[in-house]
Amino acid sequence: MSPAPAGRLARLADLTYRRRRAVVAVWVVALVAAFGAVGLAGDWSADYSTPGSESRAAADLLEERFPQRSPETVDVVWEARTGADAKAVRERIDGLAERASRLEGIGRSPGTSEAEISRDGTIGVLRLPLTELPGAVPNTTGEELIGLAEQVSGQGLRVELGGQIVANAQQSDISSEMVGLAIAALVLLLTFGSLVAAGLPLATALFGLGVSSSLVGLLAAVMDVPDWAPALASMLGIGVGIDYALLIITRYRASLATGRDPRAAVVESISTAGRSVLIAGTTVVISLMGLFLMGLPYLYGAALATIAAVVVVMAASVTLVPALLSFAGTRIDRLRIPGTNRAPADPQSAPAARWGRRVQQRPWLAAIAGVAVLLVLASPFAGLRLGFPDRGNDATDTTTRQAYDLVAQGFGPGANGPLLVAAPTGGAADEQEMTALAATLREQPGVAAVTEPAIAPAGDAAVITVIPTTSPQDGATEDLVHHLRGDVLPRAGLPVELGGQTAAFMDQSQATADRLPLFIGGVVGLSFLLLLFSFRSVTVALKAGAMNLLSIAAAYGVVAYLAEGGWAGQLVGIDTETPVPPFIPVIMFAVLFGLSMDYEVFLLSRVREEFLARGDTARAVTEGLARTARVITAAALIMVAVFGAFALSPDVSLKLIGLGLAAAILVDATIVRMVLVPAVMQLLGDRNWWLPRWLDRVIPDGGLEGHAVSATAR
């Protein structure tokens with residue numbers, strides 16, 4: 001009788017092997033239940049205001065005392081050669097507004113009687129109120145609105161539409177996730193050379209995607225989840241799901257090649273590679289939990305959505321993958337593709353081993369060159385400007401971009417992002433103070449227009465609309481906000497607050513910058529402790545953190561360079577300079593620090609295994625590179641494909657996140673893992689494994705992939 005497998009993961013793997021039908025059945029039921037729960041999913045929404053900020057105080061005042069004001073609208077913008085205010089034109093626009101009010105999510109508008117007409121009389125704007133948040137309005141409403149605008153246009157009248165629901169409706173039909181999966185499938189085929197082996201990681205990713213998508217939808221029913229969070233969760237879930245399965249299957253095939261039977265190979269692959277997956281995935285989760293340190297509520301939903309995706313694929317990696325491997329058995333390499341997967345029998349003769357020895361021969365040169373390349377890539381980061389892109393960054397052929405341009409043409413660029421100055425009032429004297437303040441605001445440089453104070457229905461508040469001369473994302477608009485808040489408004493006779501969406505975005509950028517050091521420190525500190533526990537080495541943990549910070553800085557530099565809108569940005573559809581939304585560096589850091597640790601764990605766990613077996617650090621590094629370079633390269637290519645596919649997204653934020661993550665993974669798997677890690681470990685020698693004696697007594701043994709486990713007899 002076979003001895004009982006040692007260790008929890010080994011016992012789990014053995015149980016999964018014996019109960020493989022039940023395990024697969026549970027995952028199938030979970031997937032079916034996930035599809036069945038689609039009707040319970042909530043709507044995507046997020047409050048981008050910053051708690052405690054001046055813009056939040058202004059928004060609360062307006063919401064409380066101006067209930068008739070709708071913060072979310074669809075803007076109908078038209079241009080008429082005969083005059084935007086002509087009777088025939090007004091009738092056509094009123095007809096559009098009346099038909100639009102019958103659509104789900106659109107409220108009734110008074111019509112063109114409340115429209116704004118440009119000074120030259122050729123451009124008009126009518127704001128249709130929404131009855132729901134943009135994320136709750138179906139895409140069909142936006143699509144039908146676009147159709148209505150096209151019907152009304154013509155015969156000297158041009159109608160364009162602005163607003164989030166219109167932007168959502170004009171999204172590309174191309175699925176970035178499907179493009180990424182298609183490229184991942186090709187990489188897996190070339191890596192494994194077998195349809196069976198290549199299909200298992202894809203099946204795992206699809207199961208994980210299906211279950212986690214349902215969980216994210218249910219999460220949106222109980223809390224705010226931004227509309228970009230599901231795409232981010234899918235992006236990350238697909239990437240790590242395929243990567244984790246790839247690592248386990250590679251170890252399983254290697255175990256079979258040594259003569260073990262399928263049961264023993266499953267136990268070994270989960271006891272070794274599966275443990276690496278759990279450590280790597282836990283690091284990703286820890287990094288994402290760091291988002292709670294930012295104090296921005298909309299990030300909480302994004303963090304939990306992506307954590308759910310990672311946890312699901314981690315669970316699938318150590319349960320579903322071994323179950324599928326148990327069914328495949330020795331047939332894992334069936335349906336081979338000729339000419340692929342020709343790995344050398346001796347790992348020491350592999351290209352990665354030869355490369356590693358060259359790096360080890362000149363470690364100082366390799367280390368200095370690697371750091372220099374990373375610093376060059378990171379250099380544009382110094383010019384990074386945080387802020388939210390406006391619709392001026394949409395593609396030029398979209399109706400939202402053309403509506404933006406028409407508003408800028410007729411009313412000035414600042415009309416696309418007006419500022420709101422609000423204050424509580426208590427009588428005629430206070431209203432006179434607001435009138436005087438409006439006159440003062442008109443005299444300020446950078447101000448194009450100022451409305452007369454609008455009085456709340458109860459007479460207890462007033463609001464002034466200020467139109468800057470520059471666009472919402474222009475740096476001069478930010479300077480104007482600081483000037484008004486610091487020099488003008490404090491001299492008013494009332495406690496006034498400056499708000500509006502443009503000011504709210506600026507407040508969030510400042511809050512993000514203020515909290516970023518706490519966030520980075522928390523994530524790095526917790527990850528350091530996890531690696532210290534796993535590898536029992538202070539040096540390894542410190543080196544991993546430092547190198548990850550370098551690769552993330554390089555990714556920030558790539559994002560900043562793309563956001564400049566130069567030749568590189570134009571290649572991916574960023575035609576004009578755009579500020580980088582403040583949540584992008586935060587999300588990128590959380591995701592990248594975790595994913596970089598994935599490759600660190602994959603490589604160093606094998607290096608440590610070889611070191612414990614032979615006691616020779618230099619040879620252990622070479623062996624580790626030789627045995628993991630292929631799988632890390634394949635994993636990195638898959639990640640780059642999945643993340644890079646989001647360059648197809650019309651949303652600038654998703655485009656920048658995807659390309660930044662793809663660049664970082666590429667840098668991390670090449671310059672960091674193939675150059676800096678072997679060079680630095682060669683320079684450190686046996687000091688790589690330094691751990692003070694007192695710390696050795698305190699830290700329990702993590703046992704990360706220290707020895708291969710063969711717990712079942714053949």
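Q: In this predicted model, which residue of β4 is the bridge partner of V77?
A: The model is a predicted one, and in it strand β1, which covers residues 73-80, pairs with β4 in the antiparallel sense over six bridges. Within that pairing, W78 has V159 as its bridge partner in β4, while A80 has L157. For V77, the bridge partner in β4 is E160.

Q: In what order do the four strands of the open sheet lie?
A: Strand β1 is joined by seven bridges to β3 (residues 123-129), and these two strands run antiparallel; β1 also pairs with β4 over six bridges. The edge strands, each of which pairs on one side only, are β2 (116-117) and β4. The four strands, with antiparallel pairing, therefore form an open sheet in the order β2-β3-β1-β4.

Q: Which residue of β3 is the bridge partner of V74?
A: Strand β3, made of residues 123-129, is joined to β1 by seven bridges, and the two run antiparallel. Looking into β3 from V74, the bridge partner found there is L128.

Q: Why is strand β4 described as largely enclosed by the rest of the structure?
A: Strand β4 is an edge strand of the sheet, so the pairing that DSSP finds for it is on one side only. A residue counts as buried when its relative accessible area is under 20%. Strand β4 spans residues 157-162, and it is largely enclosed because the number of its six residues that are buried is five.

Q: How many of the eight residues of β1 are buried?
A: Strand β1 has a pairing partner in β3, through seven bridges, and another in β4, through six bridges. Strand β1 is mostly covered, and of its eight residues the number buried is six.

Q: What is the relative accessible area of L218?
A: L218 is placed in helix α8, which covers residues 195-220. Together with L40 and L215, L218 makes a nonpolar surface patch of about 260 Å². L218 is partly exposed, and its relative accessible area is 31%.

Conventions:
Residues numbered from 1 in each chain as written. Predicted model: local features only at pLDDT ≥ 70, side-chain atom pairs only at ≥ 80, totals over all residues. Heavy atoms only, no water. Buried < 20%, exposed > 50% of the residue type's maximum accessible area, 1.4 Å probe, protein only. Patch = residues over 30% accessible without salt bridge, like charges linked within 9 Å, V, L, I, M, F, W, Y side chains within 5 Å. Areas by Shrake-Rupley, 256 points an atom, 1.4 Å probe, with all protein chains shown as cover. Salt bridge = Lys/Arg side-chain N within 4 Å of Asp/Glu carboxyl O.
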